[in-house]
Amino acid sequence: MLRLPKSLTHEEKVEQAELIITELGLTRCRNSQVGGPLIRGVSGGERKRVSIGQELLVNPSLLLLDEPTSGLDSTTALRLMATLKGLARGGRSVVTTIHQPSSRLYWMFDKVVVLSDGCPIYSGQAGRVMEYLASIGFVPGFNLMNPADFLLDLASGVALGTNPDDHQQFNQGTPDRQEDRDSVKLFLISSYKKTLHPLIKDDIHKNNHDTTRAIRGPQSSRSCENRWTTSWWTQFKVLFKRGLRERRHESYSGLRIFQVMSVSILSGLLWWHSDTSHLQDQVGLLFFFSIFWGFYPLSNAIFTFPQERPMLIRERSSAMYRLSSYYFARIAGDLPMELVLPTIFVTVTYWMGGLKPSLITFVLTVLIILFNVLVSQGLGLALGAILMDLKQATTLSSVIMLVFLLAGGYYIQQIPPFISWLKYISFSHYCYKLLVEVQYSESEVYDCGKGIHCRVSDFPGIEYLGLGHLWWDVAALGVMLVGYRILAYVALRMSKSL
């Protein structure tokens, strides 16, 4: 949907993809995830064929492949090379390095370049390599030897000629001397420079002259085409759908659901039907809400861009989509993926914990927690985008969350003035304040002793928070929500690799 031009219909794009899937033998795993570092997906050979298929999709004029047959069985490798051969026969250039080719694979190549220690020892038609080597004194020990095996031996400095004693010693494991290998390599390199290099140089000059003369005539002024094959909105929709498909297994995995639900039920049991007579306990539950749903989304969001960086680099280099469409699709995909579990968590713990039995208060509590989740996630995205290193980002996030935890306003109220500013950059502090403000009214009282009732706003922990600035707290979280995401986008935009 992203690589093929918008001049094709949806059905034509699907048909083209189906054709490539069939040609590369990927029908069996067509509905499987490719996978990654944390998710087991298709095999290595299938992953390689998927990468090749993505390039074949646009019918490129030049295709560069690095060991496309590695990890494939001989039949699959032959089928893949036959596909590439057909592409070359259609007027395209295919350049590939090859790993241990069979004789059938070798004879499918038109031209071959052989290197030894970075220096060429042969370059030319694949069918004439044995003739050239025989002309300089290198003949295989038997007639039916695979030319590729013989070339690899020579490139390594192993020259087993027609003498049977040489083969017998080699098969018995007698080590050949380094001096002999070096002399073979030097001879092959010098022979190439004397014999083949001048011919190749003349051929290149001739081809360049013919090409220059062919294009020297009146050229059609080609207008500057748009770099992108699809519109921004199409890119956003496709990436959004792909993100939901990929991440639903991760976001709603059994392990993550168990993790959230077990903590939810345990905290509900610990705070079972608490009331305002135990105000310290209730305030502790609200602070636990802000801390848990600050650290948990942050630790998950850190992995996003470092893990997706290889895919992002490859797809962006192919001009599949804009960075902005990818980023906003990712942000939009977070809403259904990351906000469901917090809602379930708060719903279970809120009513089990005995907080105010008011529907409006409950809804406001859920919205504040979801707001906090998005802010925390934005910070995680920013850290991951800036550092692009999981170890560094994880370490830094632990330090930041520890600072936010201590400056949140629950553990300590008398913070020294020179460091009290830390609470103003802590989203946990604002979330905690908002939760307390919607949970208790200024006129509400609690039992602070035998027959004694005190105002909730006079409770030391709540009085320190300074209630009554609800909209300022909302505005502060809003600035963080937007600011962290802008910071993450700018960091991605400034990344040299993207």
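Author: Helix 11 gives four residues to the lining of the second largest cavity, the most of any element. This is a predicted model, where local features need pLDDT of at least 70, side-chain atom pairs count only at pLDDT 80 or more, and totals for chains, interfaces and linings use all residues. Residues are numbered from 1 along each chain as its sequence is written, and side-chain values use heavy atoms, without hydrogens and water.

Reader: What makes a residue part of the lining of the second largest cavity?

Author: A cavity is a set of points on a 1 Å grid over the protein atoms alone, where a 1.4 Å probe fits but cannot get out; lining residues have an atom within 4 Å of a point. Ser-251, Arg-256, Trp-293, Tyr-296, Pro-297, Asn-300, Met-337, Glu-338, Leu-341, Pro-342 and Val-373 line the second largest cavity. Helix 11, helix 13 and helix 14 (340-352) each give two or more of them.

Reader: How do you know which class each lining residue of the second largest cavity belongs to?

Author: Ala, Val, Leu, Ile, Met, Phe, Trp, Tyr, Cys and Pro count as nonpolar, Asp, Glu, Lys and Arg as charged, and the others, Gly among them, as polar. This lining therefore has seven nonpolar, two polar and two charged residues.

Reader: What lines the largest cavity?

Author: The structure holds two cavities of 30 Å³ or more, and the largest has about 120 Å³ of space. Its lining has 13 residues, with Leu-239, Gly-243, Glu-308, Tyr-326 and Arg-330 nearest the centre. Helix 9 (232-251), helix 12 (304-317) and helix 13 (323-338) each give two or more residues. Helix 9 gives the most, seven. The classes are six nonpolar, two polar and five charged.

Reader: Why are helix 11 and helix 16 called roughly antiparallel?

Author: The axes, lines fitted to C-alpha atoms over the stretch in contact, cross at roughly 165° on a scale from 0 to 180 degrees between N-to-C directions. Angles over 145 degrees count as roughly antiparallel, so the pair qualifies. Helix 11 covers residues 279-301, helix 16 covers residues 390-406, and their axes come within 11 Å.

Reader: What makes up the contact between helix 11 and helix 16?

Author: Contact means heavy atoms within 4.5 Å. Helix 11 brings Phe-287, Ile-291, Gly-294, Phe-295 and Leu-298, and helix 16 brings Ser-397, Met-401 and Leu-405. Six are nonpolar, two are polar and none is charged.

Key:
Angles under 35 degrees count as roughly parallel, over 145 as roughly antiparallel, 65 to 115 as roughly perpendicular and the rest as oblique. On a 1 Å grid over the protein atoms alone, a cavity is a set of points where a 1.4 Å probe fits but cannot get out, and a pocket is an open set with protein on both sides within 12 Å along at least five of seven lines; lining residues have an atom within 4 Å of a point. Grid points are joined across faces, edges and corners, and a volume is the space filled by probe spheres set on the points.
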